[in-house]
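Please view the sequence and the structure before reading on.

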Amino acid sequence: QVQMVASGGGLVQAGGSLRLSCAASGRTFSSYVMGWFRQAPGKEREFVAAISWRGETIYYAESVKGRFTISRDSAKSTAYLQMNSLKPEDTAVYYCAIHRGGSYFQTRSYENWGQGTQVTVSS
């Protein structure tokens, strides 16, 4: 199975920025719709952003709109999540996954989650 590898997380102060990357282990995912989700301690995994494989359709959670930007590289081989103006409430493990059908906004519509990457934002 495809393993989606999210990387680029770390510890930053509020107001700072991070750029997360997502790549497939074992195969490319350039033809897939990809989503970013996050899960904070004690909370359900929640939708962050999604992008169609050519980038023509993009969705953001209201909580990150205007601060986060989802994108793909020109070859559609790597996906990114640029996170600006980070807030402590953005602290979570961030996952990328492949859409398998259904709503772009639902965790159950995705697969190949991988282990995610930790983002911690201090006050």
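**Aromatic rings in a predicted model**

Tyr59 is partly exposed, with a relative accessible area of 32%; partly exposed lies between buried (under 20%) and exposed (over 50%), using a 1.4 Å probe and protein chains only. The model is predicted, so local features need pLDDT of at least 70 and side-chain atom pairs count only at pLDDT 80 or more, while totals for chains, interfaces and linings use all residues. Residues are numbered from 1 along each chain as its sequence is written, and side-chain values use heavy atoms, with hydrogens and water left out.

**Aromatic pairs**
- There are eight aromatic pairs in the structure; rings of Phe, Tyr and Trp (its six-membered ring) pair if their centres lie within 6.5 Å, and planes under 30 degrees apart count as stacked, over 60 as edge-to-face and the rest as tilted.
- Tyr59 and Phe105 form an edge-to-face pair, because their ring centres are 5.1 Å apart and their planes stand at 75°.
- Phe105 is also partly exposed, at 39% relative accessibility.
- The rings of Tyr110 and Trp113 are tilted, because their planes are at 50°, with centres 6.2 Å apart.
- Tyr110 and Trp113 are both buried.

**Aromatic cluster**
- One aromatic cluster includes Phe37, Phe47, Tyr59, Tyr95, Tyr104, Phe105, Tyr110 and Trp113.

**Charges over rings**
- The charged end of Arg19 sits over the ring of Tyr80, 4.3 Å from its centre; this requires NZ of Lys or CZ of Arg within 6 Å of the ring centre and within 35 degrees of the ring normal.
- Over the ring of Tyr95 sits the charged end of Arg45, 3.8 Å from the ring centre.
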